[in-house]
Amino acid sequence: MKTNEDQSFTLIKMHDGTTMSIIHKGYRGFRAFSLASYLMGKLISLSTVIPDKIIHSPVFLFSGILACCMFLQQCGKADYADLSGSWGYRLDPLNAGVEEGWMHQEFGQKLQLPGTLAGNGIGEEVSVQTQWIGKIIDSAFWFDAKYEAYRSDGKYRVPFWLAPEKFYTGPAWYQREIVIPEGWRDKQLQLELELCHWFTDAWIDTVYLGQRNSLATPHRYTLPETILPGRYRLTLRIDNSYLIPMGINAHSVSDNTQGNWNGIVGEMTLASRPEVSIDDIQLYPDLASKSLQVRMKIGNYSGDAFSGTLTLSAASSNTGTAHQVQPVKKVVCIENGVKEYIYELNMGHDFLEWSEWSPAVYTLKATLAGEGAEFNAWETFGMSEFTTEGTGFRINGQPTFLRGTLECSIFPIEGHPPADVEKWKRIFSIIREYGLNHMRFHSWCPPEAAFEAADLLGIYLQVECGGWATQGLKLGDGTAMDDYIMEESKRIVREYGNHPSFCMMAYGNEADGENAASYLEEFVRYWKEKDQRRVYTSSAGWPVTDENQFFSTLQGRIQEWNERGSTYYIEDNPPTTAFDFENIIGNYAGPFVSHEPGQWCAFPDLKEIDHYTGVYKAGNFELFRAELEDKGMLHQAEDFLMASGRLQTLCYKAEIEAALRTRGLGGFQLLDLHDFPGQGTALVGALNAMWEEKGYTDAGEYRQFCDTTVILASIPSLVLTTDDTLEAEIEMVHFGSKPLPPGIIHWEIIGNNGKQVAVGHFAYEPDGQLNRKTVGIIQHFFQQTDTPSMYRLDLNLAGSGHIANSWDIFVFPEILPDSDLAADIHYCKTLDKEALQVLRKGGTVWLDVYDGLNDAYAAKTGFTPVYWNTLTFNSQAIHTMGVLCDPDQPLFNKFPTQMHTNWQWWDIVTNAKAMILDQYDGIMPLVQMIDSYHSNRKLGLIFEAKCGNGKLLVSSFDLSSNIDGRPATRQMKYAIEKYLLSADFNPVWEVNPNGIDMLTE
């Protein structure tokens, strides 16, 4: 009897004596969720004959769910065995198990599967000997004194990534007893193991079933016909060694994110199926012809010819509006073997489309009947077409703009990707709340549950085949990786290709190698010809090939790599919102998606340490906390978080709005909406690694600048003087299912006292399919005053309830009053004899150390926060994460500020050197620069102290270069002067004059 290794099914004995076989995704395995969804869909479809108020009533729905559960319970007792539970295990660190015949032996130790070794508390304690998979960039961990305590056993912590308490690499053996019931005689038997990591071998007693190694799809084994009803020992060998180089940072295998776990974490089943059954179903929607093409493989392993009927039908399964498709019935005749059939199912004129706006999911039912048995297969799909047109994307012909984030397999509680639909629905619901419609799976492919959840919530997914060929690994050189990527892509498309959410695919991330481009050209060419249900690109990041259907490169974002190294538009240019990335679009023949924009860090939320209650622990956060405490700044940790987080939010707002302003851009894939815990700990998210808010922003704020509809203001300058006119070109960006109706956009300018300064409105008239439209110009001249002010420009679409946006604008006096500083304050650039004499006499000294600051006590500052993290990119110029100050401090009576960086600080901090003040116990800067959490230095731009008998203020930003053309810095200088002359200038901390000299020596 021949068998098919890619089948999955269950047989159910009905009460009337007939036999019904159920298959979900012919080769994917029976899932209770999918069957329940189908049955509930059938109940909902009854709304055509049952009143809506009944079909949606709690009693009816509960009854339906109960019926489904009872039916599934009967299924479970029939020809389907769940293998989850207690298993014996044995570790094989010397790889001796096969040679020593462990499949013949019984294992005494027990664990729970599905699960991982680490999740079961099994393995060695992590230590300096742990062989991680992941590039460790900074070797200082092994010799720097500050890490010494954390290199010892029992206290081991690493700054590179989260880590489990137990770790094991190598083969591990798992074993349990199974029973093949008498009713399974003469049936096809299949073992399915979902989410294995990584290589599996299987034995039934001593019969070897083979080896599987997919990282993305279930491992399936067909049992030979010699396995008759009876009791057997099932033995599995799982090896998580790095056997095929995929890239040590590839999120399919790396300790940077999901970790190199060993185990099985999805469904584990043993099932039987009849000898004639449906092996595979692939579905191809065609919206133009209102049809669904069904490509089906039917296998006959009986040895005899089979004749029967095939019935195809479909019904919507998750919508309030029910739609059923007229069934199609065909006669099938199959000799021994596998035969492919292609049918067309007419979906009718009123079929429901799947998209981000209306994610209607259908369930196809295929019934194969003959010879007294009936075989039923269910498959979900959506009527959708994700395509390209010009430089943009289309969903069912409608323009869409990809507002995406990454998922890098970050699951610190579980310690592995979840196989639970509800957990994925939570993640996709969160990104929806933050205005996103897209997720890229960076160098890995998620499990079935993710696709099912994305289908239900209307999320466009980019799937990748598990590779990241950098750090010395080359793609296209004939290595094992080359073959693996191609075979894995075939498995992925076959397994998940019917999901409407599966819209984009790439080999993986950032491929290097002389032959990488040619390899990837062939990869994209193959799939464009093979399967047009999605669009393809060579690689996220690089290389670019002519075969690509869309492009993803390190452009179209604020941060760029060029001949000057890492540069940033909002760092190099005065504060403005009047910029975009349109200059790059013309370089590409198709849609361009900005590759990994963002990467702006915020300070660690140390409260988060207690949230790591699962497999992975935040030892890296503990290191940061210990150093912060050692530097005497632990009490500032929450302020560091909030201040850096507000700067991070400002940068993401600038990033996303620039993308939305860019005509012709296809979208962006942020890195990231949530934190990335690896590669040196990259805290780049508005949310933490568990998708929780950190407290400094929320979904409501993000949706103002990242949503289906956004109001934009192109403002040439966000920092003005009273001689300037505020100009703002107002634009509406809308990528919805239909044009917005005509409306009114209200605008107002609010002063920092909360009073309205100006107000107006524009009439908004939609323009067909035009997705970006200028609706008006605001011009406002601020009243002459000697008081610097912060204003807010607010806009909202009347009656929308949520379509609104705002920008902070700073206005400084063009002419400042004369200062009498020279008469009372000694200003100097070194603490010379004259300055010391003033201090001895009880006077006031202002020491400006910008020009003469000792390099040993100087830190480069910048407006933007740390990019990714300084452990990975230590050579980046900026190691700071914004300003921290107290806005109620009298120093700021003449300089408007919040406790964090805003646009008025741009000129000051980009023309500054932060003073390293670790040597001064107790002194806290009046203007502090938050340091990278990998160094945690006490940095200041302004501090004050008692010195001798006098008072001293020290500053380290440029106070002289073109000061009249720098209104914010000029205003800060004036604010310092007024402060020094006021009674409020009364330093608390004391410092010896000799201690100050070191700053300028």
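The expected span of a helix is 1.5 Å times one less than its number of residues. Helices (H or I, at least four residues) and strands (E, at least two) are DSSP runs numbered from the N terminus. The model is predicted: local features need pLDDT of at least 70 and side-chain atom pairs pLDDT 80 or more, while totals for chains, interfaces and linings use all residues. Residues are numbered from 1 along each chain as its sequence is written, and side-chain values use heavy atoms, with hydrogens and water left out.

**Exercise 1.** Compare the reach of helix 7 with its expected span, then find which of its residues are buried and where they lie.

Solution. 
1. Helix 7 covers residues 516–530, which is 15 residues.
2. From first C-alpha to last, helix 7 reaches 21 Å, close to the 21 Å expected.
3. Buried means under 20% relative accessible area, exposed over 50% and partly exposed in between (1.4 Å probe, protein chains only). In helix 7 the buried residues are Ala516, Tyr519, Leu520, Phe523, Val524 and Trp527.
4. Viewed down the helix axis, these residues fall within an arc of 130°, so they line one face of helix 7. The arc is that of the directions from the axis to the C-beta atoms.
5. An α-helix has 3.6 residues a turn, so residues three or four places apart point the same way.
6. The packing partners of this buried set are helix 6, strand 31 (460–468), strand 32 (502–509) and strand 33 (535–536). Contact means heavy atoms within 4.5 Å.

**Exercise 2.** Describe the surroundings of serine 489.

Solution. 
1. Serine 489 belongs to helix 6.
2. Its relative accessible area is 0%, so serine 489 is buried.
3. Beyond four places in sequence, serine 489 touches Cys465, Met505, Phe523 and Trp527.
4. A polar contact is a pair of N or O atoms within 3.5 Å; within protein, one must be able to donate a hydrogen and the other to accept it, and residues adjacent in sequence count only if both atoms are side-chain atoms. The side chain of serine 489 makes one with the side chain of tryptophan 527 at 3.0 Å.
5. The serine 489 side chain also reaches the backbone oxygen of methionine 486 at 2.7 Å.
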